[in-house]
Amino acid sequence: MGDAVSAVYVEAAAQDRVAELPLAHLSIELGHLYMEDYIAGPARLRETFEQVAPWVRTAMAVCRAGVAPRTPRISTCFLVDDYFTRPDVAGRLARSDLPWSPRAVIPQLRLAAEQAGLTIDYLARESACAVASGVPLASLVQAQLVPDPAPGASGVGEAEHEAGWLTNGTREQGRDLRPPTAESGWRSNGASSPAVDVAEAMRSGASWRGPSENSAGNHSVFVDVELWRDEADGRLWSCAFLAAVWHLLRLGMLRDRGAIVAEPQLWEGELPEDWADLPPVIRLRPEAAHFSAYRTFSVLGGRFMPVEQAVRTILSQVAVERAVTAQVQARAKREQLTLPAEVIDRIEYAFTGSRWR
């Protein structure tokens, strides 16, 4: 049932060969829902897409104006959470009355979107952001994490990129109790308050210092992000880290030893009962523009704002393979498009709240 996109191999560097992805101009994410939204039924789904529709029309209009007089290539996508709603993660699925199979959910999503004047071109499984067809995408991105040193820092002794938490800066002087990232699963965007014993602080007369953000403006917005948590049955990747992988997929910035990953597959015919029986990304409309795009736009509920702030912290510390970066920039130049150098500057959002009634 696959609709394979032919891979074109180009010489991106002296010894680098990476498959080139066809790219749309814009990828629009129509939403991301939690289990309670599906439980609430078709009316909740329809209301969600009705909130999304005006923002989608605006994003399309902006894209058309930006690429005129050329015809814009715009695709839409939807991410289904089959990762945190797995039976081994959230035991709620033990309820037999929960309509959670692809056969039940996907037709409801497509119908609700159509009722709001929208179409879903691609549907992706969130679990595929962890592992897609045997390729450990989350681990690939983890391997591309680099430290974000504070201004003037030498980087000597920086071990946080090995730990599991992430920050947008570095730490103040003091006894830091946090293990490296590979052990803790955390990173941040700045320097947290120094961790010292009370007795030590009293002896030295040290005063408390607040955390500080790298590249801060007038004031710091310090962010500490959990990337994963190691549990008895394996590693549980955080929502923010999987969302970072999702954005990189949509921007066409991920490869596995030069090969395309999570390549969309055209799905025709009856849908399965188990999400694991679907490809990582399915193409619902044969005529749809390409899945990956130069830029992305996501329409999300306001509850996702903290997650996306964490996503931007993560992506600001991901060093995408240079061969892939060069390839995408060269492709944009051939199309006479100006593409921001930083990945996070190619990502835009609209966050929605409750509807006016």
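D256 has a relative accessible area of 16% in this predicted model, and because that value lies under the 20% limit, D256 counts as buried. Its salt-bridge partner is R257, with the closest N and O atoms 3.5 Å apart, and R257, at 78% relative accessibility, counts as exposed.

**Salt bridges**

The structure holds 15 salt bridges, and three of them are set out below.

| Salt bridge | Closest N and O atoms |
|---|---|
| E20 and R331 | 2.6 Å |
| R235 and D230 | 2.7 Å |
| R257 and D256 | 3.5 Å |

In general terms, side chains of opposite charge can pair when their charged atoms come close. Which parts of the chain does the salt bridge of E20 with R331 link? The pair in question, with its closest N and O atoms 2.6 Å apart, joins distant parts of the chain, since E20 belongs to strand β2 (residues 17-20) and R331 to helix α9 (residues 322-334), 311 residues apart. Both E20 and R331 are buried, and salt bridges that share partners bring E20, R331 and R334 together into one network.

**Aromatic pairs**

A pair of aromatic rings is described by the distance of the centres and the angle of the planes. The count of aromatic pairs in the model comes to seven. One of them is formed by Y83 and F84, whose rings lie 4.8 Å apart from centre to centre with 85° between the planes, an edge-to-face arrangement. Y83 is buried, with a relative accessible area of 5%. The rings of Y349 and F351 have centres 5.3 Å apart and planes at 20°, and because that angle is under 30 degrees the pair counts as stacked. F351 is partly exposed at a relative accessible area of 29%.

**Helix α3**

Helix α3 (residues 102-115) has 14 residues and reaches 20 Å from its first C-alpha to its last, close to the 20 Å expected at 1.5 Å a residue. Its buried residues are P102, V105, I106, L109, A112 and A113. Why can these residues be placed on the same side of α3? They cover an arc of only 135° around the axis, and therefore they fall on the same side of the helix. An α-helix has 3.6 residues a turn, so residues three or four places apart point the same way. The elements that cover the buried residues of α3 include α1 (35-40), α2 (42-67), β4 (74-80), β5 (122-125) and β16 (281-283). Just after α3, G117 adopts a positive phi of about 80°.

Notes
Residues are numbered from 1 along each chain as its sequence is written. This is a predicted model: local features need pLDDT of at least 70, side-chain atom pairs count only at pLDDT 80 or more; totals for chains, interfaces and linings use all residues. Side-chain values use heavy atoms; hydrogens and water are left out. Rings of Phe, Tyr and Trp (its six-membered ring) pair if their centres lie within 6.5 Å; planes under 30 degrees apart count as stacked, over 60 as edge-to-face and the rest as tilted. Buried means under 20% relative accessible area, exposed over 50%, partly exposed in between (1.4 Å probe, protein chains only). Helices (H or I, at least four residues) and strands (E, at least two) are DSSP runs, numbered from the N terminus. The expected span of a helix is 1.5 Å times one less than its number of residues. The arc is that of the directions from the helix axis to the C-beta atoms. Contact means heavy atoms within 4.5 Å. A salt bridge is a side-chain nitrogen of Lys or Arg within 4 Å of a carboxyl oxygen of Asp or Glu.
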